[in-house]
Amino acid sequence: MARRVISSGKESGSGDQSRGRSIQGRSAQGRSPQGRSVSSDGSRCESGGFVDARKLRSEDLVAKTLDETSGTLGVITRPKVVDFSARLKERRKANTRMIVMRVAAAVGVAAAIVALVWLLFFSSVFRLESSGISVDGANEWVSQEQVLSIARQQAGKSLLLVSGDDVEKKIKDIPGVTSAKAVKRLPNSLEVTIKAQKPAAMLKTSEGTMTAVDSQGRVLNSVSGASVEGIPVIEVADVDESLKNRSIKEALKVLSSLPDSMRNSITRVTAETQDSITTELNDGDKVIVWGDSSQLKLKKAVVDKIINDPNVIGDKHNVDVSAPLRPIIK
């Protein structure tokens, strides 16, 4: 029920005045500056009139919050309401994209590796062909074809898989080859360089057959029309048996170490024992007794000094350097 408000006046008593002041304080916001009350619909009421409390203006908290959280340009700055379900979906999508990207990167790397392996080891770019193999250093006793037959075993492989050490080892097993070097040249060629010696001696049997052997006692095969001039000759009963004899092996070591100037002058070689290797120069003009193959460097220096100095050799013809520090001249 509406309450009647009694405004202050001179005719009111002191009690009424205090009650009037209290009511006026509570309803001060409903009055105009001139002391008139204002109804809820905005119309002015005279002092002392009735006010319907149901029609009083209520405070809009939502509007107030929006006003307080609005920026200077009217943009709402209130906190964003998070939808956790949507956020979970976004996170799952992001994780899926990351997994897909990682798988794609891994597949790309694997494909690149496979392509590189194919290029290096299976393609024709680095494949060694027989036409890409060259040989240098062959002579009439060690044929180029012998060396090529070994090097061509590597043909058809990628140059990166070719074993240079294996090629060198097999070529060194060829009689007459003292050294071998195999060099790979990118993208697909192989260069083989060898040092091939002439026979250390010719083994002559009683039937007159001649067999060329190297310093290690390995039989050499003449390539085509090889000359035996300047190659020392050792007379033996049987070639195979003589190559097992220690004295023949020592003689081959001595002969292979001599310079060509002396080898060309040797007309006869005897090796009755391993300590009595003897060479005759110019049909017996000089006879050199070497003993065995030990201290060859010193023995050659002593022989060279003696036979090339007329004041030392004089009219003597026999030089024994089996004990090089005490040479004997006869």
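Me: In helix 4, which residues are buried?

Reply: This is a predicted model, and in helix 4 the buried residues are Val147, Leu148, Ile150 and Ala151. Seen down the axis of helix 4, these buried residues fall within an arc of 160°, so they line one face of the helix.

Me: What covers the buried residues of helix 4, and how does the helix lie on the strands?

Reply: The cover includes strand 3, helix 5 and strand 5. Helix 4, which spans residues 144-151, lies across strand 3 and strand 5, and its direction makes an angle of about 145° with strand 3. Helix 5 (residues 164-172), for its part, lies across strand 4 and strand 5 and runs at about 155° to strand 4.

Me: How should I read the sheet, and what is the order of its strands?

Reply: As a general idea, strands of a sheet pair through backbone hydrogen bonds, either parallel or antiparallel. Here the sheet is open and has three strands in the order 3-5-4, with mixed pairing. Strand 3 (133-136) and strand 4 (177-185) are at the edges, and each has a single partner strand, so one side of each is left without a neighbour in the sheet. From one strand to the next, the twist averages 15°.

Me: How many bridges join strand 3 to strand 5, and do the two run parallel or antiparallel?

Reply: Strand 3 and strand 5 (residues 189-196) run parallel and are joined by four bridges. For a residue to look for in the model, take Ser134, whose bridge partner in strand 5 is Glu191.

Me: Turning to charged side chains, how many salt bridges does a search of the whole structure find?

Reply: The general idea is that side chains of opposite charge can pair when their charged atoms come close. In the whole structure the search finds 11 salt bridges, among them one between the side chains of Arg87 and Glu90, with a distance of 3.5 Å from N to O.

Me: Why are Arg87 and Glu90 separated by about one helical turn?

Reply: An α-helix has 3.6 residues a turn, so residues three or four places apart point the same way. Arg87 and Glu90 are three residues apart in helix 3 (residues 84-121), which means that about one helical turn separates them. Arg87 is partly exposed, at 43% relative accessibility, and Glu90 is likewise partly exposed, with a relative accessible area of 46%.

Me: Which residue forms a salt bridge with Glu250, and is Glu250 buried or exposed?

Reply: Glu250 pairs with Arg246, and their closest N and O atoms are 3.4 Å apart. Both residues lie in helix 7 (residues 246-257), where they are four residues apart, about one turn of the helix. Glu250 has 6% relative accessibility and therefore counts as buried, the cut-off being under 20%.

Me: Which residue meets Lys299 in a salt bridge, and is Lys299 buried or exposed?

Reply: The side chain of Lys299 meets that of Asp292 in a salt bridge of 3.3 Å, N to O. Lys299 is buried, at 0% relative accessibility, whereas Asp292 is partly exposed, with a relative accessible area of 23%.

Me: Where in the protein chain is confidence lowest, and where is it highest?

Reply: Confidence is lowest in helix 1 (residues 14-26), with a mean of 45, and highest in strand 3, at 95. Over residues 1-35 pLDDT stays under 50, and for this stretch the model has 28 contacts beyond four places in sequence. For the protein chain, the mean pLDDT is 81, and 74% of the residues reach 70 or more.

Note on methods: Residues are numbered from 1 along each chain as its sequence is written. This is a predicted model: local features need pLDDT of at least 70, side-chain atom pairs count only at pLDDT 80 or more; totals for chains, interfaces and linings use all residues. Side-chain values use heavy atoms; hydrogens and water are left out. Two strands pair if DSSP finds at least two bridges between them. Axes are lines fitted to C-alpha atoms, for helices over the stretch in contact, and angles run from 0 to 180 degrees between N-to-C directions. Contact means heavy atoms within 4.5 Å. pLDDT is the predictor's confidence in each residue, from 0 to 100. A salt bridge is a side-chain nitrogen of Lys or Arg within 4 Å of a carboxyl oxygen of Asp or Glu. Buried means under 20% relative accessible area, exposed over 50%, partly exposed in between (1.4 Å probe, protein chains only). The arc is that of the directions from the helix axis to the C-beta atoms.
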